[in-house]
Amino acid sequence: MDKKSTYILAIESSCDDTGVAILQNDKVLSNVVANQEVHNKYGGVVPELASRAHQQHIIPVITAALSQANISKKDLDAIAFTNGPGLLGSLFVGSAFAKSMSMALDIPLIGVNHMHAHIMAHFIKEAGYETPTFPFLCLTVSGGHTQIVLVSDFFTTEVIGETIDDAVGEAFDKSAKLLGFPYPGGPYIDKHAQQGDPKAFEFPHPKTKKALDFSFSGLKTSVLYFLQRNLKDNPKFIEENLDDICASIQDTIIRLLIKKLKKAADQHQIQKVAIAGGVSANSGLRKALKEAEQRYGWKTFIPRFEYTTDNAAMIGIVGYYKFLAQDFDTLSISPMARLKL
Ligand code: KG4
Ligand code: ZN
């Protein structure tokens, strides 16, 4: 125990993963995530089942996080938790637990915006990882959001482009469902795409009124019609072309993301570009960003895999910076499903 350090326990329960992390200042001592298998057979997250599973997981996950960090509850300086956006029933489990802990231990309570946390994951201190300097652009791509954010300091963010319909993670997951993959299908598309030809098939890039906005709902429809058309002639079309179909869908999505990022970088004259959120785990997107770094002279920031999909370490790093700013919440704070960045 280093008495001069700040120890934060962070809880993430916005969707279907129960996460708890312990941070010592800006370093992660433990980061435990319990995934919920229960949704796989439904092809998507069932909110009612998600909140029940959080109830079952939260105590074992907290116990594991404390034990892996090798500290005791009485060493904690604050409790941080996800206050939104997310599924309300899931958020309630984390917030009720966070409030009880803060009250029982008589330490501050810190509510955290999940989308802010995805971006702030870049400030977790790790050997060999260079953190971004301000200002930078962050493409935040997850199952619920697709945003280009101008980040001016730890707490000042401006959304300069976002999806007008589906999130990019949904585009991956819905396309994957049409191909017969379990939920969430994004990682399966990624895996198969690595062996496929991205130019094998073509899918359209939708237009949006605002240059930096995204639209993904049309992609799912065009994948659906494309599969129906081809399956009519060849019932084995999917299995015979799976890698090429995945590579082509993924390539369509990635080219669109990079195109918009380039527009944003030019418009705002910012050459520092980060990615965050579950879809930033995608190997094709990570590679495309590295290529863009070479081509456009950007400096890019790609988070470590464990900090891309939902995790509590990212909630903890916001907790730490809010703790330094003495920005605490009262026990009357209440989760918001549509909390904005
Ligand atoms: O950030 P996240 O864990 O949860 C939300 O806040 O939504 O993101 C989950 C999303 C899912 O849509 C999942 O399919 C997608 O991230 N995802 C991926 C990959 N890993 C996770 N999409 C494409 N390729 C991946 N490797
Ligand atoms: Zn997320």
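These legends describe close-up views of a predicted model.

**View 1. The zinc ion (ligand 2) and its protein donors**. Three residues supply the donor atoms: His114 (NE2), His118 (NE2) and Asp310 (OD). They lie 2.0 to 2.1 Å from the zinc ion. Along the sequence the spacing of these donor residues is H-x3-H-x191-D. Helix 3 (residues 114–120) holds both His114 and His118. The two histidines are four residues apart, about one turn of the helix. Both are buried.

**View 2. Helix 4 packed with helix 6**. Helix 4 spans residues 168–178, and helix 6 spans residues 217–233. Their axes are 9 Å apart and meet at an angle of about 15 degrees. Angles under 35 degrees count as roughly parallel, so helix 4 and helix 6 are roughly parallel to each other. Their crossing is right-handed. Helix 4 makes the contact through Ala171, Lys174, Ser175 and Leu178. Helix 6 contributes Leu219, Lys220, Val223, Leu224 and Leu227. Of the contact residues, six are nonpolar, one is polar and two are charged.

**View 3. Two cis peptide bonds**. Most peptide bonds are trans. The bond joining Gly84 and Pro85 is cis, with omega about -10 degrees. Pro85 sits in the loop between strand 4 (78–84) and helix 2 (88–105). The bond from Phe134 to Pro135 is also cis, with omega near -10 degrees. Pro135 belongs to the loop between helix 3 and strand 6 (136–141).

**View 4. Asn25 and Asn70, with positive phi**. Most residues other than glycine have a negative phi. Asn25 has phi near 50 degrees. Its loop runs between strand 2 (17–24) and strand 3 (27–35). Asn25 is partly exposed, at 22% relative accessibility. Asn70 has phi near 60 degrees. Asn70 lies between helix 1 (47–69) and strand 4, in a loop. Asn70 is exposed, with a relative accessible area of 69%.

Technical notes:
Residues are numbered from 1 along each chain as its sequence is written. Chains are lettered from A and ligands numbered from 1 in the order in which they are written. This is a predicted model: local features need pLDDT of at least 70, side-chain atom pairs count only at pLDDT 80 or more; totals for chains, interfaces and linings use all residues. Side-chain values use heavy atoms; hydrogens and water are left out. Axes are lines fitted to C-alpha atoms, for helices over the stretch in contact, and angles run from 0 to 180 degrees between N-to-C directions. Angles under 35 degrees count as roughly parallel, over 145 as roughly antiparallel, 65 to 115 as roughly perpendicular and the rest as oblique. A crossing is left-handed if the near helix is turned anticlockwise from the far one by less than a right angle, and right-handed if clockwise. Contact means heavy atoms within 4.5 Å. Ala, Val, Leu, Ile, Met, Phe, Trp, Tyr, Cys and Pro count as nonpolar, Asp, Glu, Lys and Arg as charged, and the others, Gly among them, as polar. Donors are N, O and S atoms within 2.8 Å of the metal (3.2 Å for Na, K and Ca); water is not among the atoms, so sites may look incomplete. Buried means under 20% relative accessible area, exposed over 50%, partly exposed in between (1.4 Å probe, protein chains only).
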